[in-house]
Structure formats: structure tokens, C-alpha cells
Amino acid sequence: MSSQGTGTEPNLSDSKPLVTVIGEALVDIIEDLRQGSTAPETHPGGSPLNVAVGCARLGLDTKLVTHFAEDPHGQLIAKHLENNGVATIIGGSQPTSTAVATLDDTGAARYTFAISWDINGASIPALAAAESSLHVHTGSIATVLPPGSKSVMGLLEAARHRATVSFDPNCRPAISPDKAAARKQAEEFVAASDIVKASDEDLLWLYPDRTLEESMNAWLALGPALVALTCGANGPVLLSGSGRVDIPGETVTVADTVGAGDSFMAALISGLAQLDALGAAGRERLQKISQDELHALARYANKAAGITCSRAGANPPGPAELGPLTIPSSFLEA
């Protein structure tokens, strides 16, 4: 690591680490109730797609294992991924999925879906990508909707000998209304992961009878090294074996919250890459992450989410906006 200014800034190596994201790509059709009769806006979306774009913008060599068709919506997705430098591995045969996001008076989004998830036909290149990656991320609809959800777990199991794994349930009750089944599925993915991230809404829906702290501790006990919780304007919480870090939310003028959690996740992956805490070789480093590093990661990922909230749609920041992960010297010398 190199020192600069008032802090220490870990750096990515010259050869970009490969991150493979596995999950749905879809088109978000955004209806903003604050705009009256204005025609809906159409944007590429899906939590895994947003994470992949966020990782690529932050300098990680990124592949997305996904499904979309060669229809107008699929062409929009393909162009978006290409423009952001995300390579794709595409399976399945159904039409491109869609999600209608209705924004309320606060800019928060509620979703209705027309979606399928299947990566049939892409198993060989998907396996090759997973097994050659430094890190593999998955979550959202891809981990609960058959038949593709079984394929996702198989890819994670194949990747673990070389890669670290992250998971974000990004719960969608409209897709998986069986709460008990969704809870069981989420816990299987938590146990298979090194890093898990959830929102307060996710945990309150999955575990309505316990506190957020109890749920985070229960997930940490299942095996991951790091559990991250986003709480909107109240800021994130990071929990590891070294302890817990809470920081306040960013002060921004919110355009909408679409993709904010995904930007947080992408920045968390980028920050861990800068700490050399990804991949099988970095797993021990990840398990021993310090409180100071947790603070730095929380600030870095929180800033990324805040930037995304300040502009319309899932539009994650690049490195010029976010800057590098910085651990203040005062922390290191304390």
C-alpha cells in the first residue's frame, strides 16, 4: 500500500482482478408519481446488472452471467453493458424481463415484475468465468427464482476454491412471497458467502420477530467474514469478527433511491479489492479485517450510494467521483 496526503490509499494491482456477477438483467420502466402524466422512462436495470456496472466503472474487470433476449429491451441492455465495459455470458430463451418501478413522493421505488430467470445453455462459459474469477457476486431474483437459482448455487460452489463470494438477497416479496422459503434460500446463500449485504427492509421482512442486530449476528454466525447492512438515510452498519461499525448516511438531495444499494455493493467489492481481501488468497485477510478498515469501507461504499441517490436512476459513480479507498493515518497510528 502507498501513502498519500493524510491517509493510506490501497491500490488495485496493474492487472485488473476479474469479478463475475451472476444474476438478472432487466428493463426498469420508471413511473414517477411526482411528474404527473409524464411518460414513463425506460432504463436497463436489475440488481446484479447494476452491481456489474458499478464494479466495471470502478476499474474491475467484470463479467455478467445473465439472461436477456434479442428484443428491443434486450438490445437496450446489451448496449448499456457494452458502453460500461461489462462482458456478458447469456443463457435462457425467454423474453427480456421487465420491472415497473413506481416512485412515490419521497423518490422511493415500488416494483412489479414480468420476469423469468434461466441461464440454460450458458453453463460451460459461466462455469469457466466463475472458476477463473477473483470474486463472484450474486443475489436478488436470481437466487430465489427457479430454474436458474439452482444453477447459481452450483456456480458459487465451483468458484469457492479460487474466489471469494458475496451475496445480496435484495428481497422481492412480489417474486418470492413465501417468506419461509425465501428465508431458507437466503440462509443457504449466506452460508456459502464470504461477504453478505442486505438492507434493513430485507432483514425486517425476512425476520420480523427479531431486531436488525440479532439478524446480522445470526448471519455472521453462519460463516461469512463480513455482514453489511444499509439503512437508507440512517447510514450503513458493517459487522465482522473484529467488531461493528456504524456511520451516518450521506447528506444529499435525493433524486431517487434506484440502484443505491447496488452502488454500495459494488463499492464494497472495489474497496475490498483495494485491500487485497478478495480471492482465496485474500480470504484470511478478509477474515482479519480491522475496525479501521471497516470504517474506511463503510465511508467509501456509503459515498457511492449517496452519489447514486443524488441523480436519477441506477447511475453508479466512477473513480474520479468516488476517489480511492482511504484509511486515515490517525486511525492507523491510534
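Me: What is the order of the nine strands in the open sheet?

Reply: This is a predicted model, in which local features need pLDDT of at least 70, side-chain atom pairs count only at pLDDT 80 or more, and totals for chains, interfaces and linings use all residues. Residues are numbered from 1 along each chain as its sequence is written, and side-chain values use heavy atoms, with hydrogens and water left out. Strands (E, at least two residues) and helices (H or I, at least four) are DSSP runs numbered from the N terminus, and two strands pair if DSSP finds at least two bridges between them. The open sheet has mixed pairing, and its strand order is 7-6-3-10-11-12-13-14-15.

Me: In which sense do strand 10 and strand 11 pair, parallel or antiparallel?

Reply: Strand 10 covers residues 135-139 and strand 11 covers residues 164-168. Gly 139 stands opposite Asp 168 in strand 11. Five bridges join the two strands, and the sense of their pairing is parallel.

Me: What angle does the direction of helix 7 make with that of strand 13?

Reply: Helix 7 (residues 212-221) packs on the sheet and touches strand 12 (195-199), strand 13 (226-230), strand 14 (236-240) and strand 15. Contact means heavy atoms within 4.5 Å. Axes are lines fitted to C-alpha atoms, for helices over the stretch in contact, and angles run from 0 to 180 degrees between N-to-C directions. Between helix 7 and strand 13 the angle is about 155°.

Me: At what angle does helix 10 run to strand 15?

Reply: Helix 10 comprises residues 291-309. This helix lies across strand 13, strand 14 and strand 15. To strand 15 it runs at about 35°.

Me: Why does Leu 239 count as buried?

Reply: Leu 239 lies in strand 14. Beyond residues up to four places away in sequence, Leu 239 touches Met 216, Asn 217, Leu 220, Ala 225, Leu 226, Val 227 and Arg 244. Buried means under 20% relative accessible area, exposed over 50%, and partly exposed in between (1.4 Å probe, protein chains only). Leu 239 counts as buried because its relative accessibility is 9%.

Me: Why is helix 3 oblique to helix 4?

Reply: Two packed helices are described by the angle between their axes and the distance between the axes. Angles under 35 degrees count as roughly parallel, over 145 as roughly antiparallel, 65 to 115 as roughly perpendicular and the rest as oblique. The axes of helix 3 (residues 123-131) and helix 4 (residues 148-159) are 8 Å apart, and the packing angle is about 40°. That angle makes helix 3 oblique to helix 4.

Me: Which residues of helix 4 meet helix 3?

Reply: The crossing is right-handed; a crossing is right-handed if the near helix is turned clockwise from the far one by less than a right angle, and left-handed if anticlockwise. From helix 3, the contact includes Ala 126, Leu 127, Ala 130 and Glu 131, and from helix 4, Leu 155, Ala 158 and Ala 159.

Me: How are helix 4 and helix 5 oriented, roughly parallel or roughly perpendicular?

Reply: The axes of helix 4 and helix 5 (residues 179-191) come within 11 Å and cross at roughly 20°. Their crossing is left-handed. Helix 4 and helix 5 are therefore roughly parallel.

Me: Is Ser 149 buried or exposed?

Reply: Ser 149 lies in helix 4. Leaving aside neighbours within four places in sequence, Ser 149 is in contact with Trp 117, Ala 142, Thr 143, Val 144, Gln 185 and Phe 189. At 5% relative accessibility, Ser 149 counts as buried.

Me: What is the phi of Ser 140?

Reply: Ser 140 is found in the loop between strand 10 and helix 4, and this residue is buried, with a relative accessible area of 2%. Although Ser 140 is not a glycine, its phi is positive, at about 65°.
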